[in-house]
Amino acid sequence: MSLPFPRRRALLPALLLALPLLASLLPMGRAMAMGYQQPGPAVREALDAPALPRLLVAPDRQTLALLELRRFNSLEELARPTLRLAGLRFDAASATPQPLATVQRLRLRSLLQPEAPERVVELPGSGFHSFSWAPDGQRFVLERRGPASNELWVGETASGQIRQIPFLRLNNALGQGEQAWLNPRELVVLGIPKRRGAPPRAMPSPAVQESLGKASPERTYADLLKSPQDEAAFEYHARSQLTLVDLATGQTRELGEPALFSAVSSVGDQGQVLLTERLVRPFSYHLTWDDFPQVVELRQRDGRLLRELAKLPMKSGVAIDGALPGPRVFYASPTKDAAVYWVEALDGGNPNARVAFRDRVMRLDPPYSGEALEVQRMPHRFTRLRFLDDGQHALLTETDRNRAWTRSYLLPLRGSQSKPLFEHSVRERYRHPGQPLMRTLPNGHQVVQTTAQGEIFMIGAGASPRGERPFVDRLSIRDLGVQRLFQSGEGSYELPLMPLDERRWLMQRESPSEAPNLLLRELGPAAGGAPQLLTRIKDPSPQLRRIKRELVSFKRADGVELSFWLYLPPDYREGERRPALIWAYPLEFNDASVAGQLSGAPSRFAAYPGISPQLLALEGFVVLNEATMPVVGEQRSMNDGFIEQITMNARAIIDKAEELGVVDPKRMAIGGHSYGAFMAANLLAHTKLFKAGIARSGAYNRTLTPFGFQSERRSLWDARDTYLKLSPFLYAERIKEPLLLIHGEADSNSGTFPMQSERLFQALSGLGGTVRYVNLPYEGHGYTARESVGHVQWEMAQWLKTHLGDPRGADSRP
């Protein structure tokens, strides 16, 4: 018998209070009515603490910008109408990527006069993002997303005053902030064409695809074009107008005709020539926009065509790790030679072809009317070209995919032979030479800084078995001699950033109890005096320092070195054995000695991202984070032993944690995100080591990624047994332990579509397993909304408390 309406209304408050209890009693296969939940007070307080400011030094190295970014997005912002076309997601009204990291506060500070007062930049309204310095540091630019447009604003460094560039709407549909500086005052941006008209009407029609016998082994992508209507919408929204902006006057000028511009850069040091790349039809329904056909062109400063350099075909039918035949990867010289460089495959783009040389670098000189000249041949695949500011050399890097090995050369741009600089494993940490120090030229290009003596500075992490100790070396480009100028001590973590003059270096220092701050330190034989502290940034979350952290190293059964970061709760007492979560992400290695190399440093300031599992220590659990999960073997067949190796890793991790006396080995959970989630589900399917699992944004059926995943280059049909063995979905009947699945409903990451979690949930539910599936509205591969992040922390804590028990209960006491 139904109740009268007034009596039904009276029962609503009681029913609402009972919903969480009722939800917990429902069978796991049924949907549950539940709003966003909040984590415990300690975790919520940590999440609501402000993020550390970003510290951005101006190119002239005289001014520091302190950017305070909003830590989390709002659901309202994520819910803005978003177009999903050709592998892109952008805000339909403003042509900006979705979501954005917006600036809450901006301050400017002098580096040369630290005692001078800060300049607070007044930001009118909200939605500011994408701060960048002008090449001379005298100005800066910001973008601002409004209800219907993305604006460009310019600021004066001396005063901190900003103003909008009028009548300009930026188009960032094909990428964030694509622009080319001509000089410190002028830049070329991509704008919305002023006469583009109304968007195309949605008119349903059949969508047809065909394959005519040519193999095209593409990996799985989301948000692809699906119909002629999608093609028309993509072309409409991605079309942009090259626009020259004078930051001093605020005036703008259109350059040439609108097109689907995907890249623009200035050539040489005079700003008279532009290198542009634009997309052309036909579009693809199985590739993303950056694999569409492109035309590469040189244009005069006013936008008029100077020369067509290349027509790049659709990147279809290219083998995994292969390349297009013909020209690709174009570079504009940043110095006075004003040449244009590109790469060409000598193996037809086929990585399996046996050839003496796989790639070559080409150069075309002004006035760009003759034939290109060959600069260098490489036995392996081209990786990167970085120009030196002397205008005579570049650093050229290639990668041997079969060995996972990288090699770098000092490349004279004209005349003489290249010199090998260094080579090492792609995953090398201990012997890594570091990265070259870069500086900004007046035309905005980043180049390798050289000294008057012909030297470059190499800055590295300085990884070692005792943790990272950053260093700066001076490398002579004449005789390749190396001199170490500085290496951080063990008590604190001090990272060299850049020299301010011949003796003084700008450094960033932090420690376990000290947030990252900038200081000046003298380097060299005549160095003297104490370092000068430039900033005094305080710890925004001092309560997190009560979490005890330790780097633990050990070996697995076959002698491969392993490690994890041990996080103990603030109230942990000596001798307690608490339930624990192991959080890991598998990595592949060709060399067992490299697999065991440590990363990170005990001397660093510990930062905790919003969905970080370390925060579960505040709920009383022991957390073993960044537990190394190496998979060692030959590149081609490495995954054939994936299950056996992650099992060996997991056993070693549990044994070491038990040996430390801090965990209860019978109350251990395994968890991971993305490929780590794939690992966690496989461990539950193939071992009995864990009592529960957490898998976020993972892939569980490898038949849905048939043309490769992670480092796997073989297709499903080349390695059928491996694909099937590595699919925990196909072993769902073996997963007897409770599994929490979390996924963003808008996940666009290749291979980890939400369907992966949906199907695994359905399989486990249908087989009578204990499983919970949390689908987060509007979220992608990572989770950015305040509500989502809080709810994920609540879900993980509740799952562990339910299936591992109370971490502060009687079972944990010594």
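Q: What makes β39 and β40 count as joined, and in which sense do they run?
A: In this predicted model, nine bridges join β39 to β40, and since strands are called paired when at least two bridges are found between them, the two strands qualify as a pair, running parallel.

Q: Why is β40 described as largely enclosed?
A: A residue is buried when its relative accessible area is under 20%, and nine of the eleven residues of β40 are buried, so the strand is largely enclosed by the rest of the structure.

Q: In what order do the eight strands of the open sheet stand, and what is the pairing called?
A: The order is β37-β38-β40-β39-β41-β42-β43-β44, and the pairing of this open sheet is mixed. β37 (548-555) and β44 (771-776) are at the edges because each has a single partner strand, which leaves one side of each without a neighbour in the sheet. From one strand to the next, the twist averages 20°.

Q: What makes β43 and β44 a pair, and in which sense?
A: There are six bridges between strand β43 (residues 739-744) and β44, where at least two are needed for a pair, and the sense is parallel. Within this pair, Leu739 stands opposite Val771 in β44.

Q: Which strands does helix α10 touch as it packs on the sheet?
A: Helix α10 (residues 786-804) touches β39, β41, β42 (692-696), β43 and β44, and its direction makes about 165° with that of β42. Another helix, α6 (residues 642-660), lies across β37, β38, β39, β40 and β41, running at about 145° to β40.

Q: Which residues have the most contacts inside the largest nonpolar core, and how many residues does that core have?
A: The core has 61 residues, and those with the most contacts inside it are Phe564, Ile582, Leu624, Phe690 and Leu741. Helix α7 (residues 675-686) supplies the largest share of this core, nine residues. A second, separate core of 36 residues includes Trp565, Leu740, Ile742 and Tyr783.

Q: With which residues is Phe564 in contact, leaving aside its neighbours within four places in sequence?
A: Contact means heavy atoms within 4.5 Å, and on that basis the partners of Phe564 include Leu551, Val552, Phe554, Leu624, Ala627, Ile653 and Leu660, while Glu550, Asn625, Glu626 and Lys656 are also among them.

Q: What makes the link between the side chains of Glu77 and Arg145 a polar contact?
A: The distance is 2.6 Å, and a polar contact requires a pair of N or O atoms within 3.5 Å, so the pair of side chains meets the cut-off. Arg145 is also one of the residues that Glu77 touches, together with Arg70, Gln98, Leu100 and Thr102, when residues up to four places away in sequence are not counted.

Q: Why is Gln710 called partly exposed?
A: Its relative accessible area is 35%, and because buried means under 20% and exposed over 50%, with partly exposed in between, Gln710 belongs to the intermediate class. Gln710 is placed in the loop between β42 and α8 (720-725), and its phi is positive, about 45°, although it is not a glycine.

How values were computed:
Residues numbered from 1 in each chain as written. Predicted model: local features only at pLDDT ≥ 70, side-chain atom pairs only at ≥ 80, totals over all residues. Heavy atoms only, no water. Helix = DSSP H or I, 4+ residues; strand = E, 2+ residues; numbered from the N terminus. Axes fitted to C-alpha atoms, helices over the stretch in contact; angles between N-to-C directions. Buried < 20%, exposed > 50% of the residue type's maximum accessible area, 1.4 Å probe, protein only. Core = buried A, V, L, I, M, F, W, Y, C linked by side-chain atoms within 4.5 Å. Polar contact = N/O pair within 3.5 Å; in protein donor to acceptor, adjacent residues only side chain to side chain.
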